[in-house]
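Reader: Please show me the chain first. Then I will ask about its fold and one of its helices.

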Amino acid sequence: MTKVLITGGAGFVGSSLALELKKNYPNYHIICLDNLKRKGSELNVARLTKSEIEFVHGDIRNKEDFDALPDVDFVIEASAEPSVLAGLNGGTPDYLMNTNLFGTVNCLNYAVRSNAAFIFLSTSRIYPIKSIETLNFEEQDTRFGLSDEQKLPGVSSKGIAENFPLDGARSLYGTTKLASELIIQEYNEFYNLKTLVNRCGVLTGPWQMGKVDQGVMVLWIAKHYFEKQLAYIGYEGSGKQTRDMLHVKDLYKLIDWQMHHIDEVNGETFNVGGGTEVSTSLQELTKICQEVTGKTIPINKVLENRPADIKLYVTDNTKVTERTGWKPETNIKQIVEEITQWLSENEEDLKPILS
């Protein structure tokens, strides 16, 4: 029997991967480890246990919490403090550092003990802010776009590729994830651990508890659904900030392939996102939300930029597509429709969290 540990397993990404994996491989023994810190994650525990997925209440910061776990064949490291603003808005970065960096080390040591392959969910935020903000942009009617003519390598109108330069500040969140990537390389080389890093763009889908600083897609749709207020923050309140979006089920399809072809991609790092085909600005997303929900809400304008914000990030998926054949399939409108349906079906539980 194949055994899999998913850290952050009651979170949005972890639980989504676990449920899809169990649906496709019913005989797999899947363990989800989570500290239930994030509001709403407790709702996923019942979903996991109903699908015969083992839930363990634990914290990756505590190496002792790994001692009681059985050896597994795969570790999917999906736990994180995911906020780009963590440690930048008056709070201390201790929880961020202890979870995203030292927690990763505990996960790696457990993988070594188990002789398990290690799949790490990193982030596009490992790329430096100033480098991205000073790229050659084209300001279009409803969004920012990238020009093909750039001074830096690893960037084109298709987006940001893996060889984009890494010199410069990127937020404490991005730094913890990049530091983890570097440590993973060492474990791959010196402990002969099979490893893989996926640098994900914006992930989204049902059961994401979106907030201002993380999970913008669900936040935007939920505020429309519950008829609350939003704001275009920064860039003169234009709403032209652009991101690619990746449905979590599309991410699952890639990880499924990677797990079952791990020797072919051992030691690799991939940029993984929606790409230009599945991208949207806030302004464009607002129009789709109005169309799907049938509701129009007030949207304020805040002229000043937030710390660590960027006007655009789109993933260049060329490498991962060439190596695996994978590409995202779910478009922006489909994502909005699916999340709106989820809100409707679970309104009583979700209103206190998302409204």
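Author: The chain has 13 helices and 17 strands, helices (H or I, at least four residues) and strands (E, at least two) being DSSP runs numbered from the N terminus. This is a predicted model, in which local features need pLDDT of at least 70, side-chain atom pairs count only at pLDDT 80 or more, and totals for chains, interfaces and linings use all residues. Residues are numbered from 1 along each chain as its sequence is written, and side-chain values use heavy atoms, with hydrogens and water left out.

Reader: What share of the residues of the chain count as buried?

Author: Buried means under 20% relative accessible area, exposed over 50%, and partly exposed in between (1.4 Å probe, protein chains only). Of the 355 residues, the share that counts as buried is 57%.

Reader: What length does helix H8 reach from its first C-alpha to its last?

Author: H8 covers residues 248-259. Its expected span is 1.5 Å times one less than its number of residues. For these 12 residues 16 Å is expected, and H8 is close to that, reaching 16 Å.

Reader: How many residues of H8 are buried?

Author: Among the buried residues are Val248, Leu251, Tyr252 and Ile255, and also Asp250 and Asp256. H8 is mostly covered, and of its 12 residues the number buried is 9.
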